[in-house]
Amino acid sequence: MILAGGQGTRLRPLTLARAKPVVPLLNRPFLAYQLALLRAHGVSDVILACSYRVDDVRAALGDGAELGVRLRYVVEGEPLGTGGGVRNAADLVSGTLFVLNGDILTDADLSAMRALHESRGSRTTIYLQPVPDPRQYGLVETAADGRLRAFREKPTADEEITTNTINAGIYLIDAPLLQRIPRDRASSIEREFFPALIADGIPCYGWCPTAYWRDIGNPAAYRAAQIDMLHGRAAMPLSAPGRPRDGSWLAGGGSVAPDAQIVAPSVVGAGAMLGPRCRVGPGAVVGDGARIGPDARVEGSVLWERVDVGAGAVLQDCVVGADARIGAHAHVGPEVALESGAVVPERATLTR
Ligand code: GDD
Ligand code: MG
């Protein structure tokens with residue numbers, strides 16, 4: 001089950017026009033990578049717990065056949081939170097299920113997680129990740145044998161910051177336990193369900209692999225995840241669309257001027273048009289149908305579909321939503337995120 005119903009507030013303005021679970025990563029909807037990972041570990045029946053902008057999710061993923069999985073959508077009338085969202089779909093599951101936050105990019109070995117769950121007799125296993133600053137996450141304390149001792153979601157008091165090990169947002173849960181979550185009211189799996197399991201002495205364990213991991217839930221992390229993928233830092237079972245060429249991926253169907261430069265590693269989407277003397281990359285993701293004008297430069301930046309970059313414009317380490325227009329000779333600087341349809345005037349300079 002994938003939790004795919006949050007509003008993606010911290011990823012605004014990108015999520016004003018598209019649900020977070022399907023924002024493009026290297027020109028594929030984000031969840032395609034999670035589904036490929038699940039599939040690589042033998043999971044082919046997936047429930048999407050949706051609420052906000054569910055139509056975006058449906059439009060991007062359909063019934064999952066293209067990705068080799070069977071998708072079912074369970075939609076909350078009112079958002080029910082991470083606990084209520086899982087409970088709302090619980091009648092469709094039995095046995096042991098993976099539950100994933102729909103904004104986690106990882107290459108973790110989920111088969112090893114499952115092996116640990118089974119060998120320990122664990123009833124709920126949480127994938128744990130050490131991070132430099134744990135405060136924006138769920139903190140998880142474990143005993144020497146890995147058994148969970150405490151779960152504290154986004155604690156604020158300094159004395160509660162007792163560990164830098166956090167909840168990575170992937171769980172294995174014995175389905176009957178889900179009956180503990182109240183039906184038909186909003187609740188938090190992190191603030192209510194996990195702490196109660198620990199308090200009631202139910203055997204729950206942490207699993208702490210060495211793996212690539214990132215929450216893509218804000219624009220800087222969303223961009224960084226793609227730079228990481230371009231540099232091969234995550235061993236994903238799914239690559240960027242297109243043919244590999246000289247360290248980049250080109251989907252083709254567009255046009256590249258003979259003196260345009262594509263600097264690896266980059267991704268150029270289907271039908272993109274690259275004008276004379278432009279330079280795309282390193283670290284550029286050009287969306288399907290985008291147009292890069294003459295002498296423009298796009299580096300370390302992610303452009304969604306049909307973005308139009310004017311002549312001589314410079315895009316550095318930024319993210320640009322679909323159908324945006326960047327005027328000629330404009331500059332868009334590091335960590336700027338432009339919403340879909342944005343219009344940047346000629347010669348404007350945007351910084352954060
Ligand atoms: N169906 C449904 N309904 N899904 C929801 C709802 C809801 O009402 N609210 C949030 N979600 C989904 C989001 O779409 C996301 O995929 C997931 O639940 C987690 O929500 P986030 O808003 O991304 O939470 P977070 O990043 O602040 O914290 C969570 O992830 C951290 C790891 O990145 C927590 O699980 C933390 O404990 C964890 O450390
Ligand atoms: Mg998140």
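Gln-129 lies in strand E8 (residues 124-130), in a predicted model where local features need pLDDT of at least 70, side-chain atom pairs count only at pLDDT 80 or more, and totals for chains, interfaces and linings use all residues. Residues are numbered from 1 along each chain as its sequence is written, and side-chain values use heavy atoms, with hydrogens and water left out. Strands (E, at least two residues) and helices (H or I, at least four) are DSSP runs numbered from the N terminus.

With a relative accessible area of 11%, Gln-129 is buried; buried means under 20% and exposed over 50% relative accessible area (1.4 Å probe, protein chains only). Beyond its neighbours within four places in sequence, Gln-129 has contacts (heavy atoms within 4.5 Å) that include Asn-164, Ile-166 and Trp-213.

The buried residues of H2 (residues 54-61) are Val-54, Asp-56, Val-57 and Leu-61. They lie on the same side of H2, because they cover an arc of only 155° around the axis, taken from the directions from the helix axis to the C-beta atoms. Exposed Asp-55 and Ala-59 sit on the face turned away from that buried side. Among the elements covering the buried residues are helix H1 (30-40) and strand E4 (45-50).

Strands E9 (residues 138-142) and E10 (residues 148-153) pair in the antiparallel sense over five bridges; pairing requires at least two DSSP bridges. Thr-142 stands opposite Leu-148 in E10.

Conventions:
Chains are lettered from A and ligands numbered from 1 in the order in which they are written.
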